[in-house]
Amino acid sequence: MTTGLRERKKAATRQSLHDAAVLLAAEHGVESLTVEAIADAATVSRRTFSNYFASKEQALLHHDRARTVRLVELIRARPARESLMAAVIGAAEQHCTEFAADPEQEERYRTLRLHPALLPELVATYAAAERDLAVAVEERLPAGPDTPLRAQILAATLLAAFRVVGQTALERHERDVVDLLRQALTITREGFR
């Protein structure tokens, strides 16, 4: 799917605001970061900032939100004949190639994303992703009376695995995220026996 010029410009502005927020927070600290400073650094107005983000925390965590939204899209786009596990692994492989990391930006982001002031926004980001992922998972499960519950549990488990794998990869500077995900899913499957 190709995106139009307007969508590409909006995505570039959103990314520019995120990059400015991360750079400023890394230099001056999350506590002293302001919306005005982010907007100035990205050379946009404060009003433009508020068209993209509701808070500095959202701007700082845009990367997490974008990645989780894209992951759900990729799982949904997998062929219907694939099992849930195959769809998740296939989506994860594609996801890793799409989100090739800039090492310098990744280092700054690693330090910031677990700052205590950002945890409520991080939790909200993952809660929204979990709801969306549950819908995508339910689409792949056989219909039955417990399907919605199964989908929610599987989505929560998958998202926890993705979150832990992502954090582990950041901390260890691990590049083979898909292999880590396979390990995490195997641990999850075997851990309940």
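This is a predicted model: local features need pLDDT of at least 70, side-chain atom pairs count only at pLDDT 80 or more; totals for chains, interfaces and linings use all residues.
How do α8 and α9 lie to each other, oblique or roughly parallel?

**View 1. Helices α8 and α9 crossing.** Here we're looking at α8, which spans residues 119-140, and α9, which covers residues 147-172. Their axes come within 8 Å and cross at roughly 130 degrees. Angles over 145 count as roughly antiparallel and 65 to 115 as roughly perpendicular, so α8 and α9 end up oblique to each other. As for handedness, this crossing is right-handed.

**View 2. Side by side: who meets whom between α8 and α9.** On the α8 side, the residues in contact are Tyr-126, Ala-129, Glu-130, Leu-133, Ala-134, Val-137 and Glu-138. Helix α9 answers with Thr-147, Pro-148, Ala-151, Gln-152, Leu-154, Ala-155, Ala-156, Leu-158, Leu-159 and Arg-163. Sort the residues of this contact by type and you get 12 nonpolar, two polar and three charged.

View 3. Now zoom in on Lys-56, which sits in helix α4 (residues 56-60). Its relative accessible area is 16%, and the cut-off for buried is under 20%, so Lys-56 counts as buried. Leaving out residues up to four places away in sequence, Lys-56 touches Val-30, Glu-31, Leu-33, Val-35, Ile-38 and Phe-49.

**View 4. Lys-56 up close, with Leu-33 and Leu-118.** The Lys-56 side chain reaches the backbone oxygen of Leu-33 at 3.0 Å. Leu-118 is 62 residues from Lys-56 along the chain, and the C-alpha atoms of the two are 9.4 Å apart.

Conventions
Residues are numbered from 1 along each chain as its sequence is written. Side-chain values use heavy atoms; hydrogens and water are left out. Axes are lines fitted to C-alpha atoms, for helices over the stretch in contact, and angles run from 0 to 180 degrees between N-to-C directions. Helices (H or I, at least four residues) and strands (E, at least two) are DSSP runs, numbered from the N terminus. Angles under 35 degrees count as roughly parallel, over 145 as roughly antiparallel, 65 to 115 as roughly perpendicular and the rest as oblique. A crossing is left-handed if the near helix is turned anticlockwise from the far one by less than a right angle, and right-handed if clockwise. Contact means heavy atoms within 4.5 Å. Ala, Val, Leu, Ile, Met, Phe, Trp, Tyr, Cys and Pro count as nonpolar, Asp, Glu, Lys and Arg as charged, and the others, Gly among them, as polar. Buried means under 20% relative accessible area, exposed over 50%, partly exposed in between (1.4 Å probe, protein chains only). A polar contact is a pair of N or O atoms within 3.5 Å; within protein, one must be able to donate a hydrogen and the other to accept it, and residues adjacent in sequence count only if both atoms are side-chain atoms.
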